[in-house]
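Here's a quick briefing to read alongside the model. Have the sequence and the 3D view open, and work through the topics in order.

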Amino acid sequence: MLALIAAYAENRIIGKNGRIPWDIPEEKHRFRDLTMGHIMVMGRRTYEEIGFPLPGRETIVVSGTKNFDGPHCKTVFSLGEALEQATGRDVFICGGARLYQEALPLADILYLTEIHEVFDGDTQFPSFDTSDFIQTEQTEILGEISYTFRTLRRKNMDYTQARAYIAGLTVQKGIIPGLGPMKNLLARLGNPQDRYPAVHIAGTNGKGSTLEMISSILQAAGYRVGTYSSPAVWEERECWRVNGEMIYEEDYAAWMTRLCSVCKAMQESGQPVPTAFELETALAFSWMAQKNCDIAVVECGMGGAEDATNVLSKTAVSVLTAIGMDHMKFLGNTIEEIARAKGGIIKSGVPAILQAQSVEVEQEITAICRERGSKLTVIHPDDIMVTYADARSVTFDAGEWKQVTVSLPGLFQADNGATAIAAVRSLQDFSITEHAIREGLRHVQWQGRMEQICDKPVIVIDGAHNPNAAKRLQEEAKRRWPEGSLIEIVGVLADKDFTEVGRLLAPMAREIITVTPHNPRALDAKRLADCLQQFCTKVAPADSVEQALELAQTAAGEQYPILAFGSLSWLHELRQAVEEQQ
């Protein structure tokens, strides 16, 4: 929590020359009591007057003109630098008018003392929107010199308001690749992303599963692990987790309130306002720092080089899962261009793991690693042998690793498992045993990937929404069911190659029902149905996910399985509809 303390008369801050606050016994005691347990922001004159009010407490002075370095004290140029160094509580950050201006958008609480006399203050206390705060305390002291103590706490949005704010920003700004606004935002927050090492994951498919496997292994090894992934499948808050536990609604709302305030300050200073994804990424980095994570496992939202997550500077390993044709509007029209964009997460001298899918991809990533001096480990699917698979797990051999079981269905999870093993084994500053690796993979959980959610009729859901994922799903479906035996429910986004997805998966179907996902980028169910009719003779759009489920169950009876796939944004609705029936 960041707290700001100031004493002023006629809105001029009183410091060393005025002396009045420090001649008031009540103010001295109040100052000591209130500053415990916070990162405190106060005037530099106050620091010069009172010295070290708490034994051993660190002081950081923000100044561009003077150097105050000494025992328990250091000097930096900006609040962002001070916050970067103030990794714990009980730190004083001192400075002048510029510091107060920078700190106000971040302050959770204001401790203000208003002196009811005329004094020569050192500087003007910056104006702020009082509607952003709630006054929780007011104590008036009458005497020869009267004064009033005021405590104001920032008025946080609730969770519903915070989500509505993000939804509005999504519509307003959309997707804007580039790291400029993200870097500016994080600098104001003290670069929380630099406080822990990170496993950074990019790729077209398999990012989420690989993230879960790596996180599960690290937890099995005894580490406190923060994860950030997107999009959410079942619950909005699942994108932000520490050791598997989602962020609380109150924490999300409190951080989003702070970020909204910082965005206003950025806009007022003429800087571009971050996008919704950038804000939620900054929230992830800040929250994981607050939760004292030993390591973060972070998934790119889209691409790599210009993805908002690519501000990570303490990357411990860069992981590239299967790379295919996706997001061509932003990443490029060839597999080489897309591989180059995704390879942008590779940092100089940092090991990289590649799940190879094509010669072109391997050549591009190899060239990037050679240029940046990064050791590259390539996982070739041909070197992985699946020895057992059922509807809930897969067991495989990969090199020296024999009979490794991953508790996720789908043969392709063997590739992701081998990638996860290579990633954790490359972490130099972590102690990870073979037992932790096997236990982590055996107990990993990840919903929405070849997941069976009903037995009668069999209903399987999968987030295959692009050609690469559709190819994997096709291979798994052919292994489990005869061609032409499936009842399919499909919903995708309009910026995907839905024609190629249909070419791969529609021939497996007896009948297809299409839906429109609840997403601004959704492809209309009627348009998708028109496209898929070239691959299957019986295709019809549904008005809702609930109607699609009813139509599919009628067509399936007890004989045929239902396979629902496409954008993750609507699979949650399908699961809820099935659970309500059960």
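Residues 24 or more positions apart make up 72% of the contacts in the protein chain that have a separation of 6 or more, a contact being heavy atoms within 4.5 Å. This is a predicted model, where local features need pLDDT of at least 70 and side-chain atom pairs count only at pLDDT 80 or more, while totals for chains, interfaces and linings use all residues. Numbering runs from 1 along each chain as its sequence is written, and side-chain values use heavy atoms, with hydrogens and water left out.

**Overall picture**
- The protein chain has 20 helices and 27 strands, taken as DSSP runs numbered from the N terminus (helices H or I, at least four residues; strands E, at least two).
- Its C-alpha atoms fill a box of roughly 90 × 50 × 40 Å along the principal axes.
- Of the 582 residues, 57% count as buried; buried is under 20% relative accessible area, exposed over 50%, and partly exposed in between, using a 1.4 Å probe on protein chains only.

**Helix α13**
- Helix α13 covers residues 359-372, and its 14 residues should span 20 Å at 1.5 Å a residue, which agrees with end C-alpha atoms 20 Å apart; the expected span is 1.5 Å times one less than the number of residues.
- Its buried residues are V361, E364, I365, I368 and C369.
- Looking down the axis of α13, those buried residues fall within an arc of 130°, so they line one face of the helix; the arc is taken from the directions between helix axis and C-beta atoms.
- The general rule behind this: an α-helix has 3.6 residues a turn, so residues three or four places apart point the same way.
- Turned away from the buried side of α13 are the exposed residues V359, Q363, R370 and E371.
- Cover for the buried residues of α13 includes β16 (315-320), α12 (335-342), β17 (352-355) and β18 (376-379).

**α8 against α14**
- The axes of α8 (residues 207-220) and α14 (residues 413-425) come within 9 Å and cross at roughly 45°.
- That makes α8 oblique to α14, since angles under 35 degrees count as roughly parallel, over 145 as roughly antiparallel, 65 to 115 as roughly perpendicular and the rest as oblique.
- On the α8 side, S209, T210, M213, I214 and I217 meet residues of α14 that include Q413, N416, G417 and A420.

**S229**
- S229 sits in the loop between β12 (225-228) and β13 (240-242).
- With 4% relative accessibility, S229 counts as buried.
- Leaving aside neighbours within four places in sequence, S229 is in contact with L211, C239, R241 and E299.

Notes: Axes are lines fitted to C-alpha atoms, for helices over the stretch in contact, and angles run from 0 to 180 degrees between N-to-C directions.
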